[in-house]
Amino acid sequence: MSQKITSYPGHEITPEDVKEGKYLDVVYKFEPKYSWAAGVAISRFLAELKEGRIIARKCMNCERILVPPRMYCEQCFRPTDEWVHIKDTGTINTYSISHVGTDARRLKTPILVAVVDLDGATPGMGILHNLGEVEPSKIEVGMKVRAVWKSSSERQGAITDIRYFKPIGEE
Amino acid sequence: MLESPKELSFEATRMALDSAGLELKDIQSVVSGSAPDAFDGMHMKGEYLLDGMGGIGKPNQRVYVGGGTGVFTPIGGWWNVASGMYDTCLCVAEEKMSPLHPHPQYAFWSIFDQILERPLGTTLLWIFSLEMRRYMHKYGITEEEIASVAVKNKGNAVDHPCAQLGAKITVDDVMNSEPICWPVKRLDVSPPSDGAAAVVLASEKVAKKLTDQPVWLDGVGWTLDTTHWTNRDLAYPEYVEKAAWMAYKMAGIKKPRKEIDIAEVYDPFDYKELHHMEGLQLAGKGEAPKMAVDGVTQRDGDLPVCPSGGLLGVGNPIAAAGMMKICEVFWQLRGEAGKRQVKKDARTGLAQAWGDLMQVGTVAVMRS
Amino acid sequence: MTPGLSTRELMFEAASRAYEDAGIDPRKDVQSFICCTEDFWEGISITDEYMPDQLGAVLKPLCTISSDGVVGLATACMHIMSGIADVAVVESHSKISDVLNPDEISSFALDPIYDHHVNADPRFVAGLEMARYLKETATKRDYCAQVAVKNKKNALLNPRGVHGANLDKDAVLNSKVAASPLTELESSKTIDGSIVFVLASAQKAKKLGNHTVWINGIGWSSDTPWIEDRDMAKAAYAEQSAARAYKMASVRNPATNFDLAEVDDTYSYKELQSLEALKLAAKGKAGKMIESGTFDRDGRLPVNASGGSLGVGHLLEATGLHKMLEAVLQLRGQAGRLQIPGAKKAVVQSWRGIPTATGAVAVLGN
């Protein structure tokens with residue numbers, strides 16, 4: 001704020017004030033509903049997840065193997081060329097221990113989340129997923145992990161068909 | 001705040017017009033900036049806000065690049081004037097996060113991929129904590145070094161009249177604050193806030209008539225990186241570097257570290273200030289923490305960073321936060337920042353904002 | 001509808017075609033990308049996150065302008081005029097098939113305190129405006145129906161004419177009421193689509209192609225967001241935008257200047273109201289001119305020869321770009337069966353839809 005301005009407008013209020021009804025408010029709920037078309041690439045990705053496999057796409061021009069798969073290579077700006085199955089193991093690129101949920105409420109059990117660089121894809125191609133069966137204090141960047149899948153009858157063709165990734169370590 | 005989004009916009013707009021000595025009729029076009037519609041609780045938020053921003057009967061553009069919007073709004077104003085289409089342009093950024101219940105944080109859930117990410121229970125904090133972890137790992141940076149930024153900024157904010165979280169704290173306070181999404185702790189992060197800020201841009205000939213202390217927008221730059229943020233090495237913000245060079249090239253800057261006197265760098269989290277400093281070429285890769293710990297970025301240092309107190313100290317009304325930084329550089333370059341005025345003689349300043357899924361860099365170079 | 005393709009895949013297709021047509025490589029030749037989207041139509045907050053890859057814009061300047069596609073074009077013009085870009089790309093799309101309750105979203109744009117409580121089809125805003133327009137301008141109700149008849153008939157020859165039909169006035173007037181006095185057949189239906197435009201500076205355009213169409217003037221404006229405060233009889237935003245675009249293009253007599261016009265016809269009465277705002281018809285006279293065939297495809301000034309939004313479909317923020325596309329094809333001589341012979345000058349006008357009072361106008365020439 002400029003030193004030339006000695007006072008500025010604005011009335012600060014607190015959420016408690018609002019809850020107590022000190023100020024008039026209008027409350028409404030907004031419920032937009034969507035059914036997003038997954039498209040060619042992700043539809044196949046999800047179908048493969050249902051089969052317990054991870055699939056990627058290859059661009060013959062830059063030779064990158066891309067996951068999540070996409071029908072166009074964003075670097076070369078051309079359609080990608082073929083489907084490639086990759087492994088369900090990988091390396092932790094980075095991770096975090098989350099104590100809050102989507103709406104900022106405190107969680108009883110923290111969620112472990114990581115970016116896992118998958119084996120078989122171009123190095124550095126990671127996906128976001130959860131970690132499990134691991135002591136939070138023992139997680140490290142560079143740790144080798146493997147996907148833990150839901151049983152085939154439970155799988156639906158969703159990213160959650162993989163329950164989480166767990167360390168390969170002591171197997 | 002009690003004010004409605006329109007009222008917030010009006011207050012900032014009125015103050016900007018007053019400081020320029022102009023009336024609404026002197027303004028030829030309006031650029032507005034406001035981040036996710038979800039916060040204010042409306043669809044087509046730009047349309048709703050435009051009367052509070054003085055836009056009735058005028059050409060309006062609402063620009064939107066996530067968190068980068070705050071610095072991008074005056075860039076929008078820049079192209080309105082630099083194209084020769086308009087001589088004056090009012091740029092207003094507004095954000096009212098409080099209407100969203102149960103917590104403004106919730107709106108951020110919808111920035112993630114609907115199919116591949118949201119089902120995992122994502123929250124915005126995740127991408128920051130993942131990036132912080134990667135940055136620390138790659139360059140061997142400690143949480144304490146990062147915490148020194150929070151200490152600096154919250155301390156700086158004590159001198160800002162609008163500050164939400166200005167306070168004199170210590171590195172220990174930060175280290176002991178509750179972990180939210182480790183390694184991010186409560187005092188590492190900026191709060192959701194309500195706010196609005198505005199600037200008036202004018203062509204050279206009009207500016208010279210209005211004031212004998214104009215601040216020039218000499219360089220603008222912006223860049224957007226790939227949607228697939230998990231395919232990138234998060235340790236370095238390449239998008240900030242590209243945006244910075246676009247602005248530096250325009251402003252004729254070849255050695256940013258030497259030529260930039262003061263920088264308002266986007267700091268929604270303390271480590272972000274360091275991360276962005278490196279992207280902005282103000283520090284080598286992995287070297288920003290040392291500059292922070294050595295006091296180079298303090299108000300009396302060689303390269304003051306966030307003398308205003310930044311988002312960590314003043315507050316983070318997403319779009320308005322970036323604009324607040326533009327305003328701070330403006331006041332610093334004119335010597336009007338009062339208790340926050342940096343010691344050195346500042347002639348060239350920089351404001352930068354970040355946005356999206358670790359994708360957007362928006363940079364503005366200003367000179368007095 | 002395009003359920004087989006995701007939004008991004010749809011955009012990739014449109015972008016690839018546009019770049020091929022312009023003869024450019026987005027990774028090398030483009031300095032600015034502009035997208036016109038609104039979060040809630042996509043179901044994503046901060047839509048620009050999902051834009052760069054499929055447009056070839058990774059690590060390049062890309063931004064979102066939350067407005068109609070023609071305002072996006074104006075932005076591209078400003079980028080080129082300011083020297084920051086030589087070639088700029090503008091994209092907008094509609095993926096309405098992804099949205100399950102569009103009325104809920106449209107209603108969400110109403111003022112939360114004063115208007116949102118009205119528990120009705122959000123088109124009530126159009127109904128209110130139509131009633132006022134008809135009264136103030138003494139326009140006959142039939143004339144509005146005639147707009148729907150004309151445009152839907154025109155669309156039958158348009159390969160993109162999803163909602164083309166051969167109807168008579170009575171069929172239109174007797175169709176189900178949308179928001180009285182507006183009927184369903186007078187209210188355009190939303191479809192999917194993605195449109196990409198490539199703009200270039202004069203110098204660059206000369207090197208690139210032999211199909212160049214020039215934007216000679218462009219203007220955009222907003223009237224008050226308060227529905228209750230507006231003079232609903234006229235489209236003030238269109239008048240203001242047109243005045244700016246005409247000035248820039250040095251158009252002195254709009255009524256006789258153009259070979260064709262693609263104007264807003266989101267709702268039937270809107271075409272009449274917009275024609276009057278653009279000074280292509282005197283106030284209150286547009287209806288009569290439609291009736292007498294002035295604006296037919298073979299009339300003195302073909303209006304929405306493409307079929308417009310009523311005949312082809314509404315594309316949310318991409319509607320303005322759709323109208324531009326139809327006009328550009330005409331000026332290039334590439335409009336096929338729709339071709340208006342010797343088309344040289346066109347005017348295009350768009351509106352953002354209810355409950356806004358924002359729109360834009362562009363003047364084109366070849």
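Guide: Helices (H or I, at least four residues) and strands (E, at least two) are DSSP runs, numbered from the N terminus. This is a predicted model, in which local features need pLDDT of at least 70 and side-chain atom pairs count only at pLDDT 80 or more, while totals for chains, interfaces and linings use all residues. Residues are numbered from 1 along each chain as its sequence is written, chains are lettered from A and ligands numbered from 1 in the order in which they are written, and side-chain values use heavy atoms, with hydrogens and water left out.

Visitor: Where is C:L59 placed?

Guide: C:L59 sits in the loop between helix 4 (52–55) and strand 2 (62–65) of chain C. Its phi is near 60°, a positive value in a residue other than glycine.

Visitor: Why is C:L59 called buried?

Guide: Buried means under 20% relative accessible area, exposed over 50%, and partly exposed in between (1.4 Å probe, protein chains only). C:L59 has 17%, so it is buried.

Visitor: What makes A:E63 exposed?

Guide: The relative accessible area of A:E63 is 56%, so it counts as exposed. A:E63 also has a positive phi, about 60°, although it is not a glycine, and lies in the loop between strand 1 (54–58) and strand 2 of chain A.

Visitor: How do you know that A:C73 is in no disulfide?

Guide: A disulfide is a pair of cysteine sulfur atoms within 2.5 Å. The structure holds zero disulfides over all chains. For A:C73, the nearest cysteine sulfur is that of A:C76, 3.7 Å away. A:C73 has 0% relative accessibility and therefore counts as buried.

Visitor: What about B:C327?

Guide: B:C327 is in no disulfide either, the nearest cysteine sulfur being that of B:C162 at 9.9 Å. With 9% relative accessibility, B:C327 therefore counts as buried.

Visitor: Why are helix 5 and helix 11 of chain B called oblique to each other?

Guide: Helix 5 (residues 124–139) and helix 11 (residues 270–279) of chain B pack at an angle of about 60°, with their axes 11 Å apart. Axes are lines fitted to C-alpha atoms, for helices over the stretch in contact, and angles run from 0 to 180 degrees between N-to-C directions. Angles under 35 degrees count as roughly parallel, over 145 as roughly antiparallel, 65 to 115 as roughly perpendicular and the rest as oblique. Helix 5 and helix 11 of chain B are therefore oblique.

Visitor: Which peptide bond ending at A:P68 is cis?

Guide: The bond from A:V67 to A:P68 is cis, with omega near 0°.
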